Amino acid sequence: SSFLAGAYASVPLSLPKPVNGSSVNARLLFASGDKDASSATEGNTTDVYKAFTPISSNTIGTDVFLPELSNLVLAEASFSTSPTIGVCRIDGAAKVQSFFRPTAGPISEAGIDSASTSPYLGTECDLSLSSGIFSDLRVSLVGGVFIPGSAFAAANSALQYSVGLTATITM
């Protein structure tokens, strides 16, 4: 049988001004896998396919490593804050996500060593800053780095990263 389970906790922090609205968060997700699966989405070589498969193709990562929610365990810790400097409010967040697979079966991301039975997929660290420069303009800077774990083949074990800058205009 396939299943999905999760837990989430958030602790608001009472910090002195100008750091308002800060919190520490933790999340744990478990999506069952199938060690005998021939792919991340279907097929079993010896029995009935047992991995949890979501109805829609949703990725669970934040910025760099974006596996689908199947044969996956995610442990996440984050901190968010919204300090006000003068008249400008800055929203900031830092997040660390560690990814594991509950079985030696496949996941949706490429690069896994097919001979590896290691459950550790890797860890991603993300930072984001966002601010409303004007009442109708918001600018965001996000970045992250993924450090592949021991389940990845040696040829795919290099650091992966992403940086993005967006501007949003509301009318």
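Arginine 89 counts as partly exposed at 47% relative accessibility, a class that lies between buried (under 20% relative accessible area) and exposed (over 50%), computed with a 1.4 Å probe on protein chains only. The model is predicted, so local features are reported only at pLDDT of at least 70 and side-chain atom pairs only at pLDDT 80 or more, while totals for chains, interfaces and linings use all residues. Residues are numbered from 1 along each chain as its sequence is written, and side-chain values use heavy atoms, with hydrogens and water left out.

**Salt bridges**

Three salt bridges are found in a search of the whole structure, the term standing for a side-chain nitrogen of Lys or Arg within 4 Å of a carboxyl oxygen of Asp or Glu.

| Pair | N to O distance |
|---|---|
| Arginine 27 and glutamate 76 | 2.8 Å |
| Arginine 89 and aspartate 91 | 2.9 Å |
| Arginine 138 and aspartate 91 | 2.3 Å |

Aspartate 91 is buried, with a relative accessible area of 18%, whereas arginine 138 is partly exposed at 30%. The bridge between arginine 138 and aspartate 91 links distant parts of the chain, since arginine 138 belongs to strand β6 (residues 137-148) and aspartate 91 to strand β4, 47 residues apart. In the remaining bridge, arginine 27 lies in strand β2 and glutamate 76 in strand β3, so this pair ties together parts that are 49 residues apart in sequence. Arginine 27 counts as partly exposed at 24% relative accessibility, and glutamate 76 as buried at 10%.

**Overall architecture**

The protein has zero helices and seven strands, where helices (H or I, at least four residues) and strands (E, at least two) are DSSP runs numbered from the N terminus. Read from the N terminus on, the elements follow the order β-β-β-β-β-β-β. Of its 171 residues, 35% count as buried. Among contacts (heavy atoms within 4.5 Å) with a separation of 6 or more, 57% come from residues 24 or more positions apart. The protein exposes about 9700 Å², of which carbon and sulfur atoms supply 64%; such accessible areas come from the Shrake-Rupley method with a 1.4 Å probe, and for residues only the protein chains shown count as cover.

**Aromatic pairs**

The structure holds six aromatic pairs, that is, rings of Phe, Tyr and Trp (its six-membered ring) whose centres lie within 6.5 Å, with planes under 30 degrees apart counted as stacked, over 60 as edge-to-face and the rest as tilted. One of them joins phenylalanine 65 and phenylalanine 99 edge-to-face, at 4.9 Å centre to centre and with 75° between the planes. Phenylalanine 65 lies in the loop between β2 (19-31) and β3 (72-85) and phenylalanine 99 in strand β4 (residues 88-100), so the pair ties together parts that are 34 residues apart in sequence. Phenylalanine 65 and phenylalanine 99 are both buried.

In another pair, the rings of phenylalanine 100 and tyrosine 120 have centres 5.5 Å apart and planes at 45°, so their arrangement is tilted. This pair also links distant parts of the chain, with phenylalanine 100 in strand β4 and tyrosine 120 in strand β5 (residues 120-134), 20 residues apart. Phenylalanine 100 is partly exposed, with a relative accessible area of 29%, and tyrosine 120 is partly exposed at 27%. Ring pairs also link Phe65, Phe99, Phe146 and Phe152 into a cluster.

**Nonpolar core and surface patch**

A nonpolar core is a set of buried Ala, Val, Leu, Ile, Met, Phe, Trp, Tyr and Cys residues joined through side-chain atoms within 4.5 Å. The largest one has 14 residues, of which Phe65, Leu69, Leu72, Phe99, Leu121 and Phe146 touch the most other members. The elements that give two or more residues to this core are β2 and β3.

On the surface, Val11, Leu13, Leu15, Val24 and Phe79 form a nonpolar patch with about 370 Å² of accessible area together. Patches are made of residues with over 30% relative accessible area and no salt bridge, like charges being joined within 9 Å and nonpolar side chains (Val, Leu, Ile, Met, Phe, Trp, Tyr) within 5 Å. Leucine 15 lies in the loop between β1 (4-13) and β2, and leucine 15 is partly exposed, with a relative accessible area of 38%.
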